[in-house]
Amino acid sequence: MEDPVFTFGLIADVQYADIEDGENYLRTRRRYYRGSADLLRDAVLQWRRERVQCVVQLGDIIDGHNRRRDASDRALDTVMAELDACSVDVHHVWGNHEFYNFSRPSLLSSRLNSAQRTGTDTGSDLIGDDIYAYEFSPAPNFRFVLLDAYDLSVIGREEESEKHTHSWRILTQHNHNLQDLNQPPVSVGLEQRFVKFNGGFSEQQLQWLDAVLTLSDHKQERVLIFSHLPVHPCAADPICLAWNHEAVLSVLRSHQSVLCFIAGHDHDGGRCTDSSGAQHITLEGVIETPPHSHAFATAYLYEDRMVMKGRGRVEDLTITYS
């Protein structure tokens, strides 16, 4: 049997908290806060059996409830202890719940800053002092890119910062619910995305992404891009999309090296193939997965295809390429 070039684990929206089960913001979904750590443990055990070479955690690893209970550090220690059992590098994407619990400077100095794990020979440092995005090559002819979907945000930026001011302007130009900006400005359509719990990508980050993909085009690499926020309207509920998702899609569509864009945030998940041929994958969230099920995946990269083996709510997927 053919061996894969590289194997890695995928998981999204664990949102652990040591509290009883509850409901989502709209009170329409059950959330299994304490049980999410058990599902994470099960995922790690499976990844160890499958001998994955790294794990990509797609953000929202602990829930915002922890901040209100002064339990953010304890909750993070709990989930990190589970991930430590992997005995491989874990690459962390940041989501809105990371910023509910910690400031950006705190995150940059925490174990959730995984950029340093790329190593000087295989990857790069962060693209800027305040942008949590980096890239590295996990295996010959492949490149992973982790994006900062809250580069533009009103929850991930200090109020006195220029980016917070710019983000506030973007958000309030589209959303006039000033008493609660987590309420979407419309009930249907793409404008729903302009809510406080979303964010976007600065021009600096988009230019960096374009440069990385240009080099990968030249090297004939296959690029996998990871973000907490999805960017394709057909791969997620509109309320979960990045504010400037069109700008990201424009960059992606101009490069032949893009294999797939993998995100979290929408706990229902989603899949679609873009007109460019790139696959957009939104991984189902652990937090809304009942105890008897699962929500994680193992991805196998081959020379001519990527095979994603889903567990529980996550379906299998095969992407072929020449």
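Q: In this predicted model, is cysteine 234 buried or exposed?
A: Happy to start here: the relative accessible area of cysteine 234 is 56%. Exposed means over 50%, so cysteine 234 counts as exposed.

Q: How far is cysteine 234 from the nearest cysteine sulfur, and how many disulfides does the structure hold?
A: The nearest cysteine sulfur to cysteine 234 is that of cysteine 272, 5.1 Å away. A disulfide needs sulfur atoms within 2.5 Å, and cysteine 234 is in no disulfide. The number of disulfides in the structure is 0.

Q: How are helix 7 and helix 8 oriented to each other?
A: Let's look at the angle. Helix 7 (residues 203-219) and helix 8 (residues 245-253) pack at about 15°, and their axes are 10 Å apart. Angles under 35 degrees count as roughly parallel, so helix 7 and helix 8 are roughly parallel to each other.

Q: Which residues of helix 7 and helix 8 meet, and how many of the contact residues are charged?
A: From helix 7 come Leu206, Leu209, Asp210 and Leu213, and they meet Ala247, Val248, Val251 and Leu252 in helix 8. Sorting the residues of this contact between helix 7 and helix 8 gives 7 nonpolar, no polar and, as charged residues, 1.

Q: Where is arginine 34 found, and which residues does arginine 34 touch?
A: Arginine 34 is in the loop between strand 3 (30-31) and helix 1 (36-50). Its relative accessible area is 34%, so arginine 34 is partly exposed. Leaving aside residues up to four places away in sequence, arginine 34 touches Tyr16, Ala17, Asp18, Ile19 and Glu20.

Q: How far apart in space are aspartate 180 and glutamine 220?
A: Aspartate 180 is in the loop between helix 6 (162-174) and helix 7. Its relative accessibility is 27%, so aspartate 180 counts as partly exposed. Along the sequence, aspartate 180 and glutamine 220 are 40 residues apart, and C-alpha to C-alpha their distance in space is 46 Å.

How values were computed. Residues numbered from 1 in each chain as written. Predicted model: local features only at pLDDT ≥ 70, side-chain atom pairs only at ≥ 80, totals over all residues. Heavy atoms only, no water. Axes fitted to C-alpha atoms, helices over the stretch in contact; angles between N-to-C directions. Helix = DSSP H or I, 4+ residues; strand = E, 2+ residues; numbered from the N terminus. Parallel < 35°, antiparallel > 145°, perpendicular 65-115°, else oblique. Contact = heavy atoms within 4.5 Å. Nonpolar A, V, L, I, M, F, W, Y, C, P; charged D, E, K, R; others polar. Buried < 20%, exposed > 50% of the residue type's maximum accessible area, 1.4 Å probe, protein only.
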